[in-house]
Amino acid sequence: MPRESITMTLDDATAFLQGRTWVALATLEPDGSPWADIVPSLLQQDRLFFKLPTGSRSHANIQRDQNVCCANDQYPTYYEIKGVVIHGKAERIDEDDIPLGLRDRPDPLQKVAGPEGACYAVPVADVVSFDFSKIVRR
């Protein structure tokens, strides 16, 4: 018997991300291995914006290779596990173009990225999602 689909619709996935203020950001090290940091984020229209310190390892990795993966999940109970993963190329965003909700966010954003933080955006196009509440056969 085939496995039932637990994939969210794109609308469900974006609605899930609307309520999130942080993502796990994965970048690629020079040897191709992954590196991850938790960074402040904001979903706006069809792009996920995130900010990180300019002196961080993730920032250095993005300068060399723009391929990133952004993930967020929740897991209150097994049948409530949900998650969204976005793959794409990070595009540097000028200070004037940073969305208000990310630019003016109070702590802990300033503690993480500081005034010299860099902002990037990833298009919400290559999305993988899961929602365990869709499991019918329990």
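This is a predicted model: local features need pLDDT of at least 70, side-chain atom pairs count only at pLDDT 80 or more; totals for chains, interfaces and linings use all residues.

**The nonpolar cores**

- Start with the largest nonpolar core, which holds 21 residues. Leu25, Phe50 and Cys70 have the most contacts inside it.
- At least two residues of this core come from each of helix H1 (10-18), strand S1 (22-28), strand S2 (34-44), strand S3 (47-52), S4, S5 and strand S7 (118-123).
- As background, nonpolar side chains in soluble globular proteins tend to be buried together.

**Helix H1 and its buried side**

- Ala13, Thr14, Phe16 and Leu17 are the buried residues to look for in H1. They sit on the same side of H1, because they cover an arc of only 155° around the axis.
- What do the buried residues of H1 pack against? Their partners are S2, S4, S5 and S8.

**The aromatic rings**

- Across the whole structure there are 4 aromatic pairs. One of them joins Tyr78 and Phe132 edge-to-face, at 5.1 Å centre to centre and with 70° between the planes.
- That pair links distant parts of the chain, 54 residues apart: Tyr78 is in the loop between strand S4 (67-74) and strand S5 (82-89), while Phe132 is in the segment after strand S8 (126-131).
- Ring pairs also join Tyr78, Tyr79, Phe130 and Phe132 into a cluster.
- Phe130, in strand S8, counts as partly exposed because its relative accessibility is 24%.
- Leaving out residues up to four places away in sequence, Phe130 touches Ile6, Met8, Ile81, Lys82 and Gly83. Phe130 and Val84 are 46 residues apart in sequence, yet 6.7 Å apart in space, C-alpha to C-alpha.

**Charged residues**

- How many salt bridges turn up in the whole structure? There are 2.
- In one, the side chains of Glu29 and Arg57 meet at 2.2 Å, N to O. Glu29 lies in the loop between S1 and S2 and Arg57 in helix H2, so this pair ties together parts that are 28 residues apart in sequence.
- Glu29 is buried, at 10% relative accessibility, whereas Arg57 is partly exposed, at 42%.
- Arg57 also lies over the face of Trp35, 3.7 Å from the ring centre.
- Arg47 and Glu91 make a salt bridge too, with their closest N and O atoms 3.4 Å apart. Here strand S3 (Arg47) is linked to strand S6, residues 91-93 (Glu91), across 44 residues.
- Arg47 is partly exposed, with a relative accessible area of 28%, and Glu91 is partly exposed at 42%.

**A histidine in H2**

- His59 sits in helix H2, residues 57-64, and counts as buried because its relative accessibility is 8%.
- Beyond its neighbours within four places in sequence, His59 is in contact with Leu52, Pro53, Thr54, Arg92, Ala118 and Tyr120.

Key:
Residues are numbered from 1 along each chain as its sequence is written. Side-chain values use heavy atoms; hydrogens and water are left out. Rings of Phe, Tyr and Trp (its six-membered ring) pair if their centres lie within 6.5 Å; planes under 30 degrees apart count as stacked, over 60 as edge-to-face and the rest as tilted. Helices (H or I, at least four residues) and strands (E, at least two) are DSSP runs, numbered from the N terminus. A charge sits over a ring if NZ of Lys or CZ of Arg is within 6 Å of the ring centre and within 35 degrees of the ring normal. Buried means under 20% relative accessible area, exposed over 50%, partly exposed in between (1.4 Å probe, protein chains only). Contact means heavy atoms within 4.5 Å. A nonpolar core is a set of buried Ala, Val, Leu, Ile, Met, Phe, Trp, Tyr and Cys residues joined through side-chain atoms within 4.5 Å. The arc is that of the directions from the helix axis to the C-beta atoms. A salt bridge is a side-chain nitrogen of Lys or Arg within 4 Å of a carboxyl oxygen of Asp or Glu.
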